[in-house]
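Q: I'd like to learn how to read the inside of a protein model. Can we go through it together, one feature at a time?

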Amino acid sequence: QVQLVDSGGGLVQAGGSLRLSCAASGRTFSRYVMGWFRQAPGKEREFVASINSASGTDYADSVKGRFTISRDNAKDTVYLQMNSLKPEDTAVYYCAAGWLPGRASRDYLYWGQGTQVTVSS
């Protein structure tokens, strides 16, 4: 069992930056694939980025080059650095943990509670 706590969301102007954090409980954090998803009002949850146990990364095309996912296994924490934010990045962001890499929500077993990111134009 893993518990995830998301934080770091907020209100930022377009072009600005935010860093999201996801703190995990449990003794096997380093073995999990960690992902970030987001859900905008009226839209389905969508994949943003993932990082595997070897720190290999995957990004959605919409955020590639602007967002960076990283992990600190000593702190059981995964981060999402978001730069050059756009109004269309506005959503609730969720971190997730699973055993296998993937871009679908069903690939992940555990979820954080979400943190709101709002980008104003």
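Q: Leaving aside neighbours within four places in sequence, which residues is Leu-80 in contact with?
A: Contact means heavy atoms within 4.5 Å. Here Leu-80 touches Leu-18, Arg-19, Leu-20, Trp-36, Val-48, Ala-49, Phe-67, Thr-68, Ile-69 and Tyr-93. Keep in mind that this is a predicted model: local features need pLDDT of at least 70, side-chain atom pairs count only at pLDDT 80 or more, and totals for chains, interfaces and linings use all residues. Residues are numbered from 1 along each chain as its sequence is written, and side-chain values use heavy atoms, with hydrogens and water left out.

Q: Which residues have the most contacts inside the largest nonpolar core?
A: A nonpolar core is a set of buried Ala, Val, Leu, Ile, Met, Phe, Trp, Tyr and Cys residues joined through side-chain atoms within 4.5 Å; buried means under 20% relative accessible area, with a 1.4 Å probe and protein chains only. In this chain the largest one has 36 residues, and Leu-4, Met-34, Trp-36, Leu-80, Met-82 and Tyr-93 have the most contacts inside it. Among the elements giving two or more residues are β3 (18–24), β4 (33–39) and β9 (91–98). β9 gives the most, with five.

Q: How many helices and strands does the chain have?
A: Both are DSSP runs numbered from the N terminus: helices are H or I, at least four residues, and strands are E, at least two. This chain has zero helices and 11 strands.

Q: And how much of the chain is buried?
A: Buried residues make up 45% of the 121 residues.

Q: What share of contacts between residues at least 6 apart in sequence join residues at least 24 apart?
A: That share is 57% in this chain.

Definitions and conventions: Buried < 20%, exposed > 50% of the residue type's maximum accessible area, 1.4 Å probe, protein only.
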